[in-house]
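Please read the sequence and the structure side by side before turning to the explanation.

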Amino acid sequence: MNYDIVVVGGGPAGLAAAIESRKNGAESILVIERDRELGGILQQCIHNGFGLVVFKEELTGPEYAERFIDELSRENIDYKLDTMVLEINKDKQILAMNTVDGLVNIQAKAIVLSMGCRERTRGSIAIPGYRPAGVFNAGTAQRYLNMEGYMVGKRVVILGSGDIGLIMARRMTLEGAKVLVVAELMPFSGGLTRNIVQCLDDYDIPLKLSHAVTDIKGRDRVEGVVIQKIDENFKPIPGTEIEYECDTLLLSVGLIPENELSKGAGIEMDSKTSGPVVFESMETSIEGIFACGNVVHVHDIVDFVTEESRHAGKAAAKFVLEVKADNNKIIETEALSGIGYIVPQKVRINSVDDKLSLFMRVRSVYHDAKLSVKADGKEIYSVKKMHLAPGEMERIDIKKELIGENVGKLTVEVI
Amino acid sequence: MYNVAIIGAGVIGTAIARELSKFNHKIVILEKDNDVSNGSTKANSAIIHAGYDAPYNSLKGKMNARGNLIMGIVCSELNVPFERIGSLVIARSESDFETLKGLYENGMKLEIPGLEIIDVGKVMEMEPNLTEGVIGALYAPSAGIVEPWELAIAYCENAIDNGAELRINFAVREIQKKDGSYLIKSEEDQVEAKYIINAAGVYADKIYNMVADSEYKIIPRRGQYFLLDKEAGGLVKHVVFPCPNEMGKGTLVTPTIDGNILVGPDAEDLDMDMKESVNTTYNRLGNVKNLARNISDKIPYKLNITTFAGLRAEPDTDDFIIEESKQAKGFINVAGMKSPGLSSAPAIAEYVVTIIEEIDGSLDKKTDFNPLRRKRIKFEELTFEEKNELIQKDSRYGRIICRCEMITEGEIVDAIHRSAGGRTVNGIKRRTRPGSGRCQGGFCGPRVMEILARELSVPMEEVLMENRGSIILTGKTKVGG
Amino acid sequence: MKETLKEKEMICIVCPIGCHINVIESNESEDGYEVEGNKCPRGKIYGIKEITSPTRVVSTTVSIENAFLKRLPVKTDNPVPKELIFECMKVINEVVVKAPVKVGDIIIENILDTGVNIVATRSMNEIK
């Protein structure tokens, strides 16, 4: 099997990349999706709030996904469902498998990686206690509840105040469960303020910041959860234990880009993002392999995933049409004080169209601060921010002429 | 009426069942939990010890040496992965070094093959990630790693295929002595058997008390562990122990047969009424990290995928207790199976058969005993052609359910329908590993439940995680199906 | 006797800044309310709306038959009064629809006489 472009993953990133590469002239495109339908995690995110940037209206996850799925079929782009990509290599060969074709080798001219991310688990933060039924990742519970129609519990404690945790607090409440508390390790919430108001405050669900789960009780099914205040070194403070009698613990403790395939192909990775190192066009360290969406870095707003993926799709089409990137001058980006990471990590300045978009997350909450962009130590751009938070990805667009040609390093810091 | 009732379907009980199934004996295995291999067998260091550790004149010493020797044959018959990766006991002081010499001497008396005391240069060459300060080590090339629950499951499956019976959810509540037999009762059921083999792990003393005044006590000695992602694989290549102390062999670091890294255990004696306390605790997990620093200071805990605790069946008699009760004829204790219980299992099984032979006279050997367990297909390990051939025969092998461990629907369905098959989410996890990987069932959990519900013809809400009461879904939303 | 005036502290959610605002009933103000703590005029509008007639979009699911999934996601096509959310859920929970359904199809018309419809938020084909 041969394709110009193979897109691995049919969620919002893969769909946008595939459609955009078609619009930019790529002929044969294949989207490979492991689930039984396209749309990815959006299909279980039935709440609204998606699409404000891309469609200028407020949509639910499935509505947002359906617009792209419809467009994909209007563009006659091939896709395979229920199909697993087992391996990709630097020569852009893909080993995939399903029940109909069996195991197949596919040769692509370009690959777009859009596998998304997975949830961190109980194990990744080593929560002590018993290991009974009733401990769920919030996203798994969301799938059971919203797509399959099952309740995962009746009295619920939620660890993690990221958006999935907050959204699930409301969903479980609407479906008749009692959510007792949302506990958060950090001294601030990782979720959007509107979600704290509309998902917690509306239903009088308390949020306890700087708290960890330090015990899970119950041998068969969860019978209780103990949370405890933690100090600045994340150590539990003795005497602050609160035990909740409950049957369920939902975990919303972070997302990790899913890059086993990328690593297998030998793509250079960034330990800060847990995603591939990418250039301005979203090309990875292997020429012709692009990556976009949550597989590169975890986004909080799907609209930004779409924009990034369109960018990657366009670049993949260009690559297939043999418009090669100009490798002559490579600028590295670096996250300085207050910044967790920057994507892209590398910029081929001659290949930037008119402006360069930098995406980043801050490490902590700031008020009335400034994001300062420096080229080899000299400030070339800055933007005032009344509010910065780790839960909200920041984007800075810089005009190409501001950067100049002979720059070695672009840095961003919070001032 | 059965000839033999074995109480406890851990690795000891199932090994004995399989050994006895070579003879014309009507055997039943009684298990209190909802699956075999659910007690100490599912939560330990998963090591087949070389056998230099226990005193040469003890039962433990003899059983371990013999168990290790024949483990290879057993595992190949039962199609259970087993690898002799070798072990190192490292010395960090002169007194440690003296201990090593003692272990070496003891091992030589037990004829443990290939034992060698090696210098620091050789140690660091074999294991470059150890914390500095090692002065030497005892190297035992015959030590190995295995999946303990898979060994027990395989033993049980093979025993059943050779005529043994298994009753799960049979928690023994009462044993009545009758003339020449025992009546064994659970809440809902009862069986009668001529002989009882008490392989009830941490509960062995309690079971024994139902027929006699137990001469021994079994103390639940808890150990806690970290299991790291395969990405940490290669941190160590051998089983690496510190020098042993009075609480056991110490906190070790080892590869697992599946390529993960296991760190633990600590040792904590619990109260006698805490025989279900397999919970981990914040302080003790921290303690394991401290202790493991004696082995390596490069352990990447950020790659942790799960923590767990297991209970060792620590007898107050120190040695294994394998004998017919003097108070109750035909009641055979196989108790106190702390480490090296797993390593000794095949030898213990042989030994128990000789005890029964002694009581019962010569045993009648089956002519049609099949020592081989039907091969378990591990899809990921097949060649390209083999995979496609299999998918053509059964398309369910073309559908990956667990993306972390690359487990197909075909493998899961097979695990459900084998003898002693998996009927629960954790049961399937133990048999084919979906949910054992880095996402810990986040993605595949709902799919595995769907397959279990379909294959067992039960509603999704009745699919259990482990024991009765471990329901996963508490009901449906809305009206309708 | 003096009438007690309403007062409520809240977090403005118009933009990510999240101003902590205080909305106080006031006879002097022409809107009937004073708003403190807001950094922009939108905060005042939000605050007054939240204290006088807070509304929310409700998104949930209904049972569906003959489809590949057992639940169909739905939402209110306009916000409903906040105090009616659980009443709405009761009505929604009793509904069973049959595939095929198209995104935007009205599942429940004029729920609780609010003038708001419950609409499907995705399409689902019929499976045989």
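This is a predicted model: local features need pLDDT of at least 70, side-chain atom pairs count only at pLDDT 80 or more; totals for chains, interfaces and linings use all residues.

In chain A, the domain assignment gives domain 1 (1-119 + 254-325), domain 2 (121-253) and domain 3 (326-415). The C-alpha centres of domain 1 of chain A and domain 3 of chain A are 25 Å apart, and the contact between these two domains takes 14 residues from domain 1 of chain A and 17 residues from domain 3 of chain A. On the side of domain 1 of chain A that touches domain 3 of chain A, the classes are six nonpolar, four polar and four charged residues. Chain B is divided into domain 1 (83-144 + 219-314) and domain 2 (379-462), and the centres of these two domains of chain B, taken over C-alpha atoms, are separated by 32 Å.

Chain A also meets chain B, in a contact that takes 40 residues from chain A and 43 residues from chain B. Among the elements of chain A that each supply at least two residues to the side touching chain B are β8 (102-113), α3 and β11 (150-151), and α3(A) gives the most, with six residues. By class, this side of chain A has 14 nonpolar, 13 polar and 13 charged residues.

How many of the eleven residues of helix α3 (residues 138-148) of chain A are buried? Ten of them are, so the helix is largely enclosed by the rest of the structure; the buried residues include A:R143, A:Y144 and A:L145. Just after α3(A), A:G149 takes a positive phi of about 80°. As for β11(A), two bridges join this strand to strand β23 (residues 475-476) of chain B, and the two run antiparallel, with A:Y150 standing opposite B:K476 in β23(B).

Strand β5 (residues 59-65) of chain C is joined to β6(C) by five bridges in the antiparallel sense, and the bridge partner of C:S63 in β6(C) is C:R71. These two strands form a hairpin with five residues between them, where C:N66 in the turn has a positive phi of about 65°. β6(C) also pairs with strand β10 (residues 118-120) of chain C, antiparallel and over three bridges, and there the bridge partner of C:V74 is C:A120 in β10(C).

Technical notes:
Residues are numbered from 1 along each chain as its sequence is written. Chains are lettered from A and ligands numbered from 1 in the order in which they are written. Domain bounds come from an automatic or database domain assignment. A residue is buried if 20 or more other C-beta atoms lie within 10 Å of its own, exposed if 12 or fewer, and partly exposed in between; C-beta atoms are placed from the backbone. Helices (H or I, at least four residues) and strands (E, at least two) are DSSP runs, numbered from the N terminus. Two residues are in contact if their C-beta atoms, placed from the backbone, lie within 7 Å. Ala, Val, Leu, Ile, Met, Phe, Trp, Tyr, Cys and Pro count as nonpolar, Asp, Glu, Lys and Arg as charged, and the others, Gly among them, as polar. Two strands pair if DSSP finds at least two bridges between them.
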